[in-house]
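This briefing is intended for reading alongside the sequence and the structure shown below. Its points are grouped by topic.

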Amino acid sequence: MGPVVAPIGPVPVTRAAEHHEELDGHRGIAAVAVVVFHVYQFCNVGHFLYFGTPAYTLLNSLDAMVPWFFVLTAFLLFEPVARSAIEGRQPISARGFLTRRAVRLLPVYYVAVVVVWFSRQQTLPGDWRDLLEHLTFTQIFDEKRIFYTIGPAWSLSVEVFFYLALMILSVGLARVCRRLASRKQRISVLAASTAALAAVSVAWKTWSFSIEHRPTTGAFTTWFGPMANLDIFAVGMAIAVIAAALGDNRPLKPRSRLTLRLTALAILCGAFATRQANAWSGVYFTSLCAVGFGCLIAAAVLGAPEDRWGRALSCRPLLWLGAISYSIYLWHEPILLALAGWEGLVRQAPGALLPDTVIVVVVSILVGWLSYSLIERPTSQLGHVFGRDGHLIPPTTGAGGDHIEWESFRSGNPF
């Protein structure tokens, strides 16, 4: 779930860039909320804290922040695909896309997985299957090990499979849309494809719960796997299709955007309040939350960025948290478990929720910042040496013949 990294060099300020800044604020909020959720889970000893109160309803549903990440990712990645298909252009290079994603996400992920795995092995070879599955993003198919090493990493595995599906889909959509003369028909094809993905996912959840009787509190590979999350990605893709179809037109006025945001809050409150384990409300909880977050994102990208909400979410602290959100997300659970070993610092007790939350959030942000500065940001610059087709850009030689530079290192954000 890599954040939208701020450009290194000066680039022209565009309407899209401003909207993406607000979405970076979304990432910062979601990342911190996920940390709070896992501290809450950690402190639940013997019973659910604040059960029956609004605090329980909120804290127990903060895992909905992961669908927020998914909707954001789907929108950001599918919008250029949708624009290309609507305009009848060649599909985006699968090699180029996957290369940039790999350079952006894999280095810090592999460092985190290897460090955490080795730190927990008493003797070697240890649970080598767990390490192999995390390195190949296949732990989401292992009911036993899905949450081993770095528990939240299951969502990164789901995203990797979404990347692969997105590239296959983009090639197919480009071929179909280039044969259609009408722009309206191309938009219809994109909309139908997105709706089909959502329908398949909803049908999978319905079948799993009603026919296979898989409980929502277990059967992890069912409810955390790619099939169960396709409808969430489809929400972000639907917003991307709308934005691509509108082009540079951003029709939403302040009142419409406020209505969308209030609708989003109402949907999320309803999802949080009605959620029950092993019930239909639990089956479709993430789907409903995705719709709510989709409304928030639509309000951000389909209107002018100068409103108060947009400025508030584009403030420097939130942009900074958004930039380091991927590292925060990767490291916060290992940090929580490591701090629990320091007696008196983080305690697994109901009464320790507030101090534990403060300590873990602060340490996770600090470690996330260090990880971003020392690993994530430097390695992400390697993306500049690859062209849009995924091939290395040859070095250029200066006039004196002795100065060689990679031109793409000077081009700012590769995404």
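Is Cys269 buried or exposed? Cys269 is exposed, because its relative accessible area is 52% and the exposed class begins over 50%. The model discussed here is predicted. The protein contains 16 helices and two strands, and buried residues make up 48% of its 415 residues.

**Overall architecture and confidence**

- Among the contacts in the protein with a separation of 6 or more, 76% are between residues 24 or more positions apart.
- The accessible surface of the protein comes to about 19,300 Å². Carbon and sulfur atoms account for 66% of that surface.
- The mean pLDDT of the protein is 86, and 87% of the residues reach 70 or more. Over residues 1-19, however, the pLDDT is below 50, although this stretch has 52 contacts in the model beyond near neighbours in sequence.
- Residues 397-415 also have a pLDDT under 50. For this stretch the model has 36 contacts beyond four places in sequence.

**Cysteines**

- The count of disulfides comes to zero.
- Cys43 has a relative accessibility of 0% and therefore counts as buried.
- Cys269, by contrast, is exposed, with a relative accessible area of 52%.

**Salt bridges**

- The count of salt bridges in the model comes to eleven.
- One of them joins the side chains of Glu22 and Arg261, with an N to O distance of 3.4 Å. This pair links distant parts of the chain, since Glu22 lies in helix 1 (residues 15-43) and Arg261 in helix 10 (residues 254-274), 239 residues apart.
- Glu22 is buried, with a relative accessible area of 2%, and Arg261 is buried at 4% relative accessibility.
- Arg104 forms a salt bridge with Glu376, in which the closest N and O atoms are 2.8 Å apart.
- Arg104 counts as buried at 1% relative accessibility, and Glu376 is buried with a relative accessible area of 0%.
- A salt bridge also connects Glu87 with Arg89, the closest N and O atoms lying 2.6 Å apart. Glu87 is partly exposed, with a relative accessible area of 46%, and Arg89 is partly exposed at 40% relative accessibility.
- A network of salt bridges links Asp127, Arg129, Glu133, Asp142 and Arg145.

- Asp231 is located in helix 9 (residues 226-246).
- The relative accessible area of Asp231 is 5%, so this residue is classed as buried, the limit being under 20%.
- The side chains of Asp231 and Ser287 are joined by a polar contact of 2.4 Å.
- Apart from neighbours within four places in sequence, Asp231 is in contact with Ala198, Ser201, Val202, Lys205 and Ser287.

**Surroundings of Leu330**

- Leu330 is placed in helix 15 (residues 325-340) and is buried, with a relative accessible area of 0%.
- When residues up to four places away in sequence are not counted, Leu330 touches Val108, Tyr109, Ile150 and Leu156.
- Leu330 and Ser364 are 34 residues apart along the chain, and their C-alpha atoms are separated by 9.4 Å.

**Backbone features in loops**

- Most residues other than glycine have a negative phi.
- Thr149 is not a glycine, yet it has a positive phi of about 55°. This residue is in the loop between helix 5 (128-135) and helix 6 (154-178).
- Thr149 is buried, with a relative accessible area of 8%.
- Asn278, likewise not a glycine, has a positive phi of about 55°. Asn278 is found in the loop between helix 10 and helix 11 (280-283).
- Asn278 counts as partly exposed, at 39% relative accessibility.

Key. Residues are numbered from 1 along each chain as its sequence is written. This is a predicted model: local features need pLDDT of at least 70, side-chain atom pairs count only at pLDDT 80 or more; totals for chains, interfaces and linings use all residues. Side-chain values use heavy atoms; hydrogens and water are left out. Helices (H or I, at least four residues) and strands (E, at least two) are DSSP runs, numbered from the N terminus. Buried means under 20% relative accessible area, exposed over 50%, partly exposed in between (1.4 Å probe, protein chains only). A polar contact is a pair of N or O atoms within 3.5 Å; within protein, one must be able to donate a hydrogen and the other to accept it, and residues adjacent in sequence count only if both atoms are side-chain atoms. Contact means heavy atoms within 4.5 Å. A salt bridge is a side-chain nitrogen of Lys or Arg within 4 Å of a carboxyl oxygen of Asp or Glu. A disulfide is a pair of cysteine sulfur atoms within 2.5 Å. Accessible areas come from the Shrake-Rupley method with a 1.4 Å probe; for residues, only the protein chains shown count as cover. pLDDT is the predictor's confidence in each residue, from 0 to 100.
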